[in-house]
Amino acid sequence: MISALTETPERLSSARARLLDHPIYAAVFDLPRLQVFMRSHVFAVWDFMTLLKRLQRDCCRQELPWMPPFDPKFARFVNEIVLGEESDEDGHGGYCSHFELYLQAMDEVGADRGPIDTFLARLGEGDSVEAALAASGISDSTGEFVKFNLSAAEEAETYEVAAIFCYGREDIIPEMFERLLERLPGDLFPEGRFRFYLDRHIELDADAHGPLARRLVEAVCQGDDQRRSEAAVAAAGAVEARIRLWDGLMGELDAVSPALV
């Protein structure tokens, strides 16, 4: 659903359709392929929070001494999303971020955490993103996806980041994950952390975070047609970056086991 922009730009609409029709959702059909998928996809789970934290910084004025937000409704929209993404119910009576939940799911299915653990360790030691990505040994397509999103988080205008976050993530993730869940064999993980992760995103993003993200785009564009146009370009770029990530992952999956015919 695309509703925050005055009209659906053709580039964004086309990219969205291509992303939802991507063959990757049918390509994760056994455990070895799921493990490879998660090894790379966890980087997208991580950089999601970087985009969100940029929006929180801009909309909630996170500095000391405290200052009131520029617009309380911006702060409300972002903080509601942060609450769910950074400290959600974990299904076990506690709380955790969705990134931590994903790591738990990786451990449960035996996915290789080496690349993401190395990446975060190198960042913690002060390495640049480029150096940390190189040290992680992750694929070029995954590295380019991370760099696209971090560059946006650092350099783009707030309304462009909001559009990337909305249309590249919250608006489309429920439909992507539904397609993935529909095609995964039911006996692969009938219960567990990965299923909980997918189900939680489908529920939260469709019912709460997606609508909040669209309202945020509307709010930060402030009725300005130029901002809406630039936001649409940024959103299309984010969806196209995801397509390139999926394309690269398809090659990794096919190297693990033969594709179904």
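I began with Cys60, which is buried at a relative accessible area of 11%; buried means under 20% relative accessible area, exposed over 50% and partly exposed in between, with a 1.4 Å probe and protein chains only. This is a predicted model, in which local features need pLDDT of at least 70 and side-chain atom pairs count only at pLDDT 80 or more, while totals for chains, interfaces and linings use all residues. Residues are numbered from 1 along each chain as its sequence is written, and side-chain values use heavy atoms, leaving out hydrogens and water.

I then searched for disulfides, taken as a pair of cysteine sulfur atoms within 2.5 Å, and the count is zero. For Cys60, the nearest cysteine sulfur belongs to Cys59 and is 6.1 Å away. Cys221 is in no disulfide either, with the sulfur of Cys166 nearest at 10 Å. Cys221 is buried, with 1% relative accessibility.

**Helix α3 against α8.** Helices here are DSSP runs (H or I, at least four residues; strands are E, at least two), numbered from the N terminus. I found that the axes of α3 (residues 31-60) and α8 (residues 140-155) come within 9 Å and cross at roughly 5°. Axes are lines fitted to C-alpha atoms, for helices over the stretch in contact, and angles run from 0 to 180 degrees between N-to-C directions. This makes the two helices, α3 and α8, roughly parallel (angles under 35 degrees; over 145 is roughly antiparallel, 65 to 115 roughly perpendicular, the rest oblique).

I listed the contact residues (heavy atoms within 4.5 Å): among them are Phe43, Trp46 and Leu51 of α3, and Phe145, Val146 and Leu150 of α8. By class, this contact has nine nonpolar, four polar and four charged residues. Nonpolar covers Ala, Val, Leu, Ile, Met, Phe, Trp, Tyr, Cys and Pro, charged covers Asp, Glu, Lys and Arg, and the others, Gly among them, are polar.

**Helix α9.** How many of the 13 residues of α9 (residues 158-170) are buried? I got 12, so α9 is largely enclosed by the rest of the structure. The buried ones include Tyr159, Cys166 and Arg169. I also noted that α8 and α9 pack at about 145°, with axes 10 Å apart. Phe145, Asn149 and Ala152 of α8 meet Val161, Ile164 and Arg169 of α9 there. That contact of α8 with α9 holds four nonpolar, one polar and one charged residues.

**Helix α6.** In α6 (residues 114-124), I marked Pro115, Ile116 and Phe119 as buried. They lie on the same side of α6, because they cover an arc of only 95° around the axis, the arc being that of the directions from the helix axis to the C-beta atoms. The buried residues of α6 pack against α3, α5 (98-109) and α7 (129-136). Just after α6, Gly126 has a positive phi of about 100°.

Arg61 is not a glycine, yet has a positive phi of about 50°, and it is buried at 17% relative accessibility. Gln222, in the loop between α11 and α12 (225-256), is likewise not a glycine and has a positive phi of about 55°. Gln222 is exposed at 57% relative accessibility.
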